[in-house]
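Below are some notes for a colleague on the structure shown next. They are set out as numbered points.

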Amino acid sequence: MPVGTQGTLKGLLPEQLKRLGCNIMLGNTYHLGNRPGPELMKKAGGLHEFMSWDRNLLTDSGGFQMVSLLKLAKITEEGVEFQSPHDETMMLLTPERSIEIQNALGADIIMQLDDVVSSLVSGPRVEEAMHRTVRWLDRCLKAHSRPHDQNLFPIVQGGLNANLRRQCAEELVKRDVPGFAIGGLSGGEEKHAFWKMVTLSTDVLPKEKPRYLMGVGFPEDLVVCAALGCDMFDCVFPTRTARFGTALVPTGQLNLKNNKFATDFRPIDENCPCSTCKEYKYTRAYLHTIVTYESVACQLLTIHNIAYQLNLMLSIHESIKQDKFPEFIKDFFKKLYPKENYPKWAEESLSSVNVHLRER
(Lines give C-alpha, C1' and ligand atoms only; values in the text may rest on other atoms or scores of the structure.)
Protein backbone atom coordinates (compact mmCIF):
# COMPACT_ATOMS: atom_id res chain seq x y z
CA MET A 1 0.00 0.00 0.00
CA PRO A 2 1.40 3.40 -0.95
CA VAL A 3 1.29 5.80 2.00
CA GLY A 4 -0.85 8.94 1.64
CA THR A 5 -0.32 10.45 5.08
CA GLN A 6 -2.52 13.55 4.64
CA GLY A 7 -4.98 11.92 2.25
CA THR A 8 -2.66 12.34 -0.71
CA LEU A 9 0.36 10.60 -2.10
CA LYS A 10 3.19 13.14 -2.40
CA GLY A 11 3.42 14.19 -6.05
CA LEU A 12 0.63 11.99 -7.49
CA LEU A 13 -3.06 12.42 -8.18
CA PRO A 14 -5.53 9.66 -7.28
CA GLU A 15 -6.18 9.17 -11.01
CA GLN A 16 -2.49 8.48 -11.59
CA LEU A 17 -2.53 5.88 -8.81
CA LYS A 18 -5.54 4.19 -10.43
CA ARG A 19 -3.71 4.02 -13.76
CA LEU A 20 -0.92 2.17 -11.98
CA GLY A 21 -3.42 -0.45 -10.81
CA CYS A 22 -3.35 0.58 -7.16
CA ASN A 23 -6.44 -0.75 -5.36
CA ILE A 24 -5.68 0.34 -1.78
CA MET A 25 -3.68 3.09 -0.11
CA LEU A 26 -3.02 4.19 3.46
CA GLY A 27 -3.97 7.35 5.36
CA ASN A 28 -2.74 8.55 8.74
CA THR A 29 -5.27 8.91 11.57
CA TYR A 30 -3.00 11.04 13.75
CA HIS A 31 -2.35 13.65 11.07
CA LEU A 32 -5.86 13.67 9.58
CA GLY A 33 -7.33 13.76 13.08
CA ASN A 34 -5.29 16.90 13.75
CA ARG A 35 -5.90 18.54 10.39
CA PRO A 36 -8.54 18.86 8.96
CA GLY A 37 -10.18 16.87 11.78
CA PRO A 38 -13.03 14.34 11.99
CA GLU A 39 -15.90 16.85 11.99
CA LEU A 40 -14.94 18.23 8.60
CA MET A 41 -14.39 14.68 7.37
CA LYS A 42 -17.97 13.78 8.32
CA LYS A 43 -19.27 16.80 6.42
CA ALA A 44 -17.17 15.80 3.41
CA GLY A 45 -18.65 12.30 3.43
CA GLY A 46 -15.46 10.60 4.61
CA LEU A 47 -11.92 10.33 3.33
CA HIS A 48 -12.91 8.58 0.09
CA GLU A 49 -15.04 11.54 -0.97
CA PHE A 50 -12.64 14.12 0.46
CA MET A 51 -9.69 12.89 -1.64
CA SER A 52 -11.71 11.63 -4.64
CA TRP A 53 -10.59 8.02 -4.20
CA ASP A 54 -13.17 5.34 -5.03
CA ARG A 55 -11.00 2.36 -4.14
CA ASN A 56 -9.96 0.90 -0.79
CA LEU A 57 -8.40 2.81 2.07
CA LEU A 58 -6.64 1.69 5.23
CA THR A 59 -6.05 4.06 8.13
CA ASP A 60 -3.56 3.43 10.89
CA SER A 61 -4.58 4.23 14.45
CA GLY A 62 -2.16 7.04 15.26
CA GLY A 63 -0.23 4.74 17.58
CA PHE A 64 2.97 4.78 15.55
CA GLN A 65 3.43 8.43 16.50
CA MET A 66 4.25 7.15 20.00
CA VAL A 67 7.59 6.24 18.47
CA SER A 68 8.05 8.88 15.76
CA LEU A 69 6.88 11.79 17.97
CA LEU A 70 7.95 10.33 21.32
CA LYS A 71 9.30 13.68 22.57
CA LEU A 72 5.81 15.15 22.05
CA ALA A 73 3.87 12.26 23.61
CA LYS A 74 2.92 11.06 27.10
CA ILE A 75 1.54 7.50 27.38
CA THR A 76 -0.85 6.34 30.13
CA GLU A 77 -3.49 3.62 30.44
CA GLU A 78 -6.09 6.15 29.30
CA GLY A 79 -4.32 6.88 26.02
CA VAL A 80 -1.59 8.97 24.44
CA GLU A 81 -1.33 12.71 24.95
CA PHE A 82 0.32 14.42 21.97
CA GLN A 83 1.51 17.90 21.29
CA SER A 84 0.29 18.88 17.85
CA PRO A 85 3.17 19.51 15.42
CA HIS A 86 0.95 22.11 13.73
CA ASP A 87 -0.03 24.49 16.56
CA GLU A 88 1.49 22.88 19.70
CA THR A 89 -1.93 22.29 21.29
CA MET A 90 -2.36 19.08 23.30
CA MET A 91 -4.46 16.19 21.99
CA LEU A 92 -5.45 13.06 23.94
CA LEU A 93 -5.72 10.02 21.69
CA THR A 94 -7.55 7.24 23.50
CA PRO A 95 -8.58 3.92 21.93
CA GLU A 96 -12.14 5.26 21.76
CA ARG A 97 -11.06 8.55 20.15
CA SER A 98 -8.86 6.76 17.61
CA ILE A 99 -11.83 4.63 16.53
CA GLU A 100 -14.14 7.66 16.51
CA ILE A 101 -11.78 9.47 14.14
CA GLN A 102 -11.40 6.39 11.94
CA ASN A 103 -15.17 5.89 11.85
CA ALA A 104 -15.43 9.48 10.58
CA LEU A 105 -12.67 8.90 8.00
CA GLY A 106 -14.56 5.83 6.79
CA ALA A 107 -11.61 3.71 5.64
CA ASP A 108 -12.34 0.12 4.61
CA ILE A 109 -9.70 -1.24 7.02
CA ILE A 110 -9.00 0.48 10.32
CA MET A 111 -6.45 -0.31 13.02
CA GLN A 112 -6.75 -0.63 16.76
CA LEU A 113 -4.82 1.89 18.86
CA ASP A 114 -1.81 -0.05 20.12
CA ASP A 115 0.93 0.82 22.59
CA VAL A 116 3.93 1.03 20.30
CA VAL A 117 7.52 0.93 21.50
CA SER A 118 10.63 1.04 19.37
CA SER A 119 11.93 -2.37 18.30
CA LEU A 120 15.24 -1.35 19.91
CA VAL A 121 13.64 -1.12 23.38
CA SER A 122 13.80 -4.13 25.73
CA GLY A 123 12.80 -4.88 29.29
CA PRO A 124 9.57 -4.29 31.27
CA ARG A 125 8.32 -1.52 28.94
CA VAL A 126 7.87 -4.07 26.12
CA GLU A 127 5.74 -6.37 28.28
CA GLU A 128 3.70 -3.42 29.54
CA ALA A 129 3.03 -2.30 25.96
CA MET A 130 2.03 -5.78 24.84
CA HIS A 131 -0.55 -6.26 27.60
CA ARG A 132 -1.87 -2.70 27.15
CA THR A 133 -2.28 -3.34 23.41
CA VAL A 134 -4.58 -6.28 24.19
CA ARG A 135 -6.59 -4.20 26.70
CA TRP A 136 -6.85 -1.32 24.24
CA LEU A 137 -8.08 -3.72 21.53
CA ASP A 138 -11.12 -4.59 23.65
CA ARG A 139 -11.84 -0.88 24.13
CA CYS A 140 -11.50 -0.31 20.37
CA LEU A 141 -13.87 -3.18 19.55
CA LYS A 142 -16.44 -1.82 22.00
CA ALA A 143 -16.17 1.71 20.56
CA HIS A 144 -16.35 0.61 16.90
CA SER A 145 -19.67 1.96 15.52
CA ARG A 146 -19.34 0.76 11.91
CA PRO A 147 -18.33 -2.94 12.02
CA HIS A 148 -20.62 -3.67 9.05
CA ASP A 149 -18.53 -1.59 6.63
CA GLN A 150 -15.16 -1.05 8.33
CA ASN A 151 -12.82 -3.95 9.13
CA LEU A 152 -10.98 -3.48 12.43
CA PHE A 153 -7.57 -5.20 12.63
CA PRO A 154 -5.77 -5.81 15.95
CA ILE A 155 -1.98 -5.49 16.06
CA VAL A 156 0.52 -8.05 17.35
CA GLN A 157 3.10 -6.43 19.63
CA GLY A 158 5.81 -7.83 21.89
CA GLY A 159 9.00 -6.31 20.52
CA LEU A 160 11.77 -8.81 19.83
CA ASN A 161 10.71 -11.02 22.75
CA ALA A 162 9.46 -14.30 21.28
CA ASN A 163 7.39 -15.26 24.32
CA LEU A 164 5.65 -11.88 24.53
CA ARG A 165 4.94 -11.77 20.80
CA ARG A 166 3.53 -15.28 20.79
CA GLN A 167 1.41 -14.53 23.85
CA CYS A 168 0.05 -11.38 22.21
CA ALA A 169 -0.86 -13.19 18.98
CA GLU A 170 -2.57 -15.97 20.94
CA GLU A 171 -4.66 -13.42 22.83
CA LEU A 172 -5.66 -11.51 19.68
CA VAL A 173 -6.90 -14.58 17.81
CA LYS A 174 -9.46 -15.14 20.59
CA ARG A 175 -11.31 -12.06 19.29
CA ASP A 176 -13.70 -12.18 16.33
CA VAL A 177 -11.90 -9.90 13.88
CA PRO A 178 -11.58 -9.94 10.06
CA GLY A 179 -7.78 -9.71 9.87
CA PHE A 180 -4.57 -9.08 11.80
CA ALA A 181 -1.58 -6.78 11.70
CA ILE A 182 2.00 -7.38 12.85
CA GLY A 183 3.46 -4.23 14.36
CA GLY A 184 6.50 -2.96 16.19
CA LEU A 185 9.05 -4.14 13.61
CA SER A 186 11.18 -2.58 10.85
CA GLY A 187 12.41 0.01 13.32
CA GLY A 188 16.14 -0.51 13.02
CA GLU A 189 16.46 -3.98 14.56
CA GLU A 190 18.83 -6.58 13.11
CA LYS A 191 17.36 -8.50 10.19
CA HIS A 192 17.95 -11.89 11.82
CA ALA A 193 15.73 -10.77 14.72
CA PHE A 194 13.18 -9.14 12.40
CA TRP A 195 12.38 -12.21 10.32
CA LYS A 196 12.10 -14.49 13.35
CA MET A 197 9.44 -12.22 14.88
CA VAL A 198 7.55 -12.15 11.57
CA THR A 199 7.45 -15.93 11.17
CA LEU A 200 6.62 -16.44 14.84
CA SER A 201 3.61 -14.15 14.40
CA THR A 202 2.35 -15.76 11.18
CA ASP A 203 2.69 -19.22 12.75
CA VAL A 204 0.06 -18.23 15.33
CA LEU A 205 -2.26 -16.04 13.22
CA PRO A 206 -4.96 -17.87 11.23
CA LYS A 207 -4.10 -18.53 7.60
CA GLU A 208 -7.61 -17.87 6.32
CA LYS A 209 -7.52 -14.19 7.39
CA PRO A 210 -5.29 -11.43 5.94
CA ARG A 211 -2.04 -10.71 7.76
CA TYR A 212 -0.65 -7.20 7.40
CA LEU A 213 3.01 -6.50 8.18
CA MET A 214 3.19 -2.83 9.06
CA GLY A 215 5.84 -0.44 7.77
CA VAL A 216 7.72 -2.94 5.59
CA GLY A 217 8.55 -2.04 1.99
CA PHE A 218 12.09 -2.85 0.82
CA PRO A 219 11.67 -5.18 -2.18
CA GLU A 220 13.64 -8.08 -0.69
CA ASP A 221 11.64 -7.72 2.55
CA LEU A 222 8.38 -7.98 0.59
CA VAL A 223 9.49 -11.18 -1.13
CA VAL A 224 10.83 -12.81 2.04
CA CYS A 225 7.91 -11.82 4.25
CA ALA A 226 5.37 -12.99 1.67
CA ALA A 227 7.16 -16.34 1.85
CA LEU A 228 6.86 -16.20 5.65
CA GLY A 229 3.08 -15.79 5.37
CA CYS A 230 2.33 -12.05 5.18
CA ASP A 231 -0.30 -10.74 2.77
CA MET A 232 -0.28 -6.94 3.07
CA PHE A 233 2.43 -4.30 3.42
CA ASP A 234 2.85 -0.52 3.51
CA CYS A 235 5.88 1.74 3.43
CA VAL A 236 6.97 5.26 2.50
CA PHE A 237 10.14 3.79 0.97
CA PRO A 238 9.20 3.89 -2.77
CA THR A 239 7.91 7.48 -2.59
CA ARG A 240 10.57 8.82 -0.23
CA THR A 241 13.43 7.30 -2.22
CA ALA A 242 11.95 8.84 -5.38
CA ARG A 243 12.20 12.30 -3.82
CA PHE A 244 15.91 11.67 -3.30
CA GLY A 245 16.40 10.82 -6.97
CA THR A 246 16.54 7.03 -6.68
CA ALA A 247 14.70 4.58 -8.93
CA LEU A 248 13.88 0.95 -8.08
CA VAL A 249 14.81 -1.72 -10.64
CA PRO A 250 15.13 -5.53 -10.49
CA THR A 251 18.91 -5.22 -10.02
CA GLY A 252 18.57 -2.87 -7.06
CA GLN A 253 18.51 0.94 -6.99
CA LEU A 254 19.62 3.56 -9.53
CA ASN A 255 20.84 6.78 -7.95
CA LEU A 256 20.05 9.06 -10.87
CA LYS A 257 22.09 11.89 -9.33
CA ASN A 258 25.17 9.86 -10.28
CA ASN A 259 27.09 11.40 -13.18
CA LYS A 260 27.28 8.08 -15.01
CA PHE A 261 23.63 8.59 -16.04
CA ALA A 262 24.28 12.00 -17.66
CA THR A 263 24.57 10.45 -21.15
CA ASP A 264 22.41 7.34 -20.60
CA PHE A 265 19.47 7.63 -23.00
CA ARG A 266 17.68 4.47 -21.91
CA PRO A 267 14.49 4.56 -19.83
CA ILE A 268 14.81 3.69 -16.14
CA ASP A 269 13.75 0.12 -16.92
CA GLU A 270 13.07 -1.03 -20.48
CA ASN A 271 10.65 -3.70 -19.22
CA CYS A 272 8.66 -1.41 -16.92
CA PRO A 273 5.05 -0.70 -18.03
CA CYS A 274 4.73 2.63 -16.18
CA SER A 275 4.11 5.87 -18.09
CA THR A 276 7.54 7.29 -17.15
CA CYS A 277 9.31 4.36 -18.83
CA LYS A 278 6.97 3.04 -21.52
CA GLU A 279 4.52 5.75 -22.56
CA TYR A 280 6.70 8.86 -22.42
CA LYS A 281 10.11 7.15 -22.43
CA TYR A 282 11.83 9.67 -20.16
CA THR A 283 15.51 8.83 -20.23
CA ARG A 284 17.95 8.38 -17.39
CA ALA A 285 19.91 11.33 -18.80
CA TYR A 286 16.84 13.61 -18.66
CA LEU A 287 15.98 12.50 -15.14
CA HIS A 288 19.61 12.93 -14.05
CA THR A 289 19.35 16.58 -15.13
CA ILE A 290 16.22 17.36 -13.11
CA VAL A 291 16.20 15.06 -10.05
CA THR A 292 16.18 16.99 -6.75
CA TYR A 293 15.98 20.24 -8.76
CA GLU A 294 12.54 20.13 -10.40
CA SER A 295 9.37 18.93 -8.66
CA VAL A 296 8.23 17.08 -11.79
CA ALA A 297 11.16 14.69 -11.33
CA CYS A 298 9.67 13.59 -8.01
CA GLN A 299 6.41 12.80 -9.79
CA LEU A 300 8.08 10.86 -12.62
CA LEU A 301 10.18 8.77 -10.26
CA THR A 302 7.30 8.23 -7.82
CA ILE A 303 5.16 6.85 -10.65
CA HIS A 304 7.94 4.45 -11.58
CA ASN A 305 8.73 3.33 -8.02
CA ILE A 306 5.09 2.75 -7.11
CA ALA A 307 4.65 0.80 -10.35
CA TYR A 308 7.71 -1.28 -9.50
CA GLN A 309 6.39 -2.19 -6.05
CA LEU A 310 2.85 -2.91 -7.25
CA ASN A 311 4.14 -5.08 -10.10
CA LEU A 312 6.44 -6.91 -7.71
CA MET A 313 3.50 -7.76 -5.45
CA LEU A 314 1.37 -8.74 -8.45
CA SER A 315 4.17 -11.05 -9.65
CA ILE A 316 4.37 -12.65 -6.20
CA HIS A 317 0.60 -13.11 -6.24
CA GLU A 318 0.59 -14.69 -9.70
CA SER A 319 3.53 -17.00 -8.95
CA ILE A 320 1.74 -18.28 -5.84
CA LYS A 321 -1.41 -18.96 -7.85
CA GLN A 322 0.67 -20.85 -10.42
CA ASP A 323 2.51 -22.78 -7.69
CA LYS A 324 5.83 -21.27 -8.85
CA PHE A 325 6.66 -19.00 -5.94
CA PRO A 326 9.96 -20.72 -4.95
CA GLU A 327 11.23 -20.30 -8.54
CA PHE A 328 10.14 -16.64 -8.49
CA ILE A 329 12.04 -16.04 -5.24
CA LYS A 330 15.24 -17.58 -6.61
CA ASP A 331 15.00 -15.54 -9.83
CA PHE A 332 14.33 -12.33 -7.88
CA PHE A 333 17.38 -12.79 -5.64
CA LYS A 334 19.59 -13.87 -8.56
CA LYS A 335 18.83 -10.57 -10.34
CA LEU A 336 19.37 -8.56 -7.17
CA TYR A 337 22.57 -10.41 -6.20
CA PRO A 338 24.08 -11.76 -9.47
CA LYS A 339 27.25 -12.86 -7.67
CA GLU A 340 25.11 -14.83 -5.20
CA ASN A 341 26.39 -12.83 -2.25
CA TYR A 342 22.98 -13.18 -0.63
CA PRO A 343 22.33 -11.64 2.79
CA LYS A 344 22.62 -14.35 5.42
CA TRP A 345 19.29 -13.36 7.03
CA ALA A 346 17.48 -13.81 3.71
CA GLU A 347 18.96 -17.26 3.16
CA GLU A 348 18.12 -18.34 6.72
CA SER A 349 14.57 -17.02 6.64
CA LEU A 350 13.78 -18.58 3.26
CA SER A 351 15.36 -21.89 4.29
CA SER A 352 12.92 -21.94 7.22
CA VAL A 353 10.10 -22.29 4.68
CA ASN A 354 12.07 -24.72 2.51
CA VAL A 355 13.20 -22.25 -0.17
CA HIS A 356 16.94 -22.54 -0.81
CA LEU A 357 18.62 -19.81 -2.85
CA ARG A 358 21.68 -21.95 -3.67
CA GLU A 359 21.74 -25.33 -5.36
CA ARG A 360 21.99 -28.03 -2.72
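Which residue in strand 9 is the bridge partner of Val156? The points below start from that pairing; note that the model is predicted.

1. The bridge partner of Val156 is Ile182, in strand 9. Strand 8 and strand 9 (residues 180–182) run parallel and are joined by two bridges.

2. These strands belong to an open sheet of four, ordered 8-9-10-11, in which the pairing is parallel. Strand 8 (155–156) and strand 11 (232–233) are at the edges with a single partner strand each, so one side of each has no neighbour in the sheet.

3. Another open sheet, also of four strands with parallel pairing, has the order 1-2-6-7. Its edge strands, strand 1 (24–27) and strand 7 (151–153), each pair on one side only. On average, and ignoring direction, neighbouring strands here are turned by 20° against each other.

4. Within that sheet, three bridges connect strand 6 (residues 109–111) with strand 7 in the parallel sense.

5. Helix 14 (residues 295–321) and helix 15 (residues 325–336) have axes that come within 7 Å and cross at roughly 145°. On the helix 14 side the contact involves Tyr308, Leu312, Ser315, Ile316, Ser319 and Ile320; on the helix 15 side it involves Phe325, Phe328 and Phe332. By class, the residues of this contact are seven nonpolar, two polar and no charged.

6. The whole structure contains nine aromatic pairs. One of them, Phe325 with Phe328, is stacked, at 6.3 Å centre to centre and 25° between the planes. Both residues lie in helix 15, three residues apart, which is about one turn of the helix. Phe325 and Phe328 also meet helix 14, as listed in point 5.

7. The second largest pocket holds about 890 Å³ of space. It is lined by 34 residues, and the closest to its centre are Asp231, Met232, Phe233, Met313 and Leu314. Helix 10 (219–227), strand 11, helix 14 and helix 15 are the elements that give two or more residues to the lining.

8. Which element gives the most to the lining of the second largest pocket? Helix 14 does, with ten residues. The lining as a whole divides into 21 nonpolar, eight polar and five charged residues.

Technical notes
Residues numbered from 1 in each chain as written. Predicted model: local features only at pLDDT ≥ 70, side-chain atom pairs only at ≥ 80, totals over all residues. Heavy atoms only, no water. Pairing = 2+ DSSP bridges. Axes fitted to C-alpha atoms, helices over the stretch in contact; angles between N-to-C directions. Contact = heavy atoms within 4.5 Å. Nonpolar A, V, L, I, M, F, W, Y, C, P; charged D, E, K, R; others polar. 1 Å grid on protein atoms, 1.4 Å probe; cavity = no way out; pocket = protein on both sides within 12 Å on 5 of 7 lines; lining within 4 Å. Points joined across faces, edges and corners; volume = space filled by probe spheres on them. Phe/Tyr/Trp six-rings, centres within 6.5 Å; stacked < 30°, edge-to-face > 60°.
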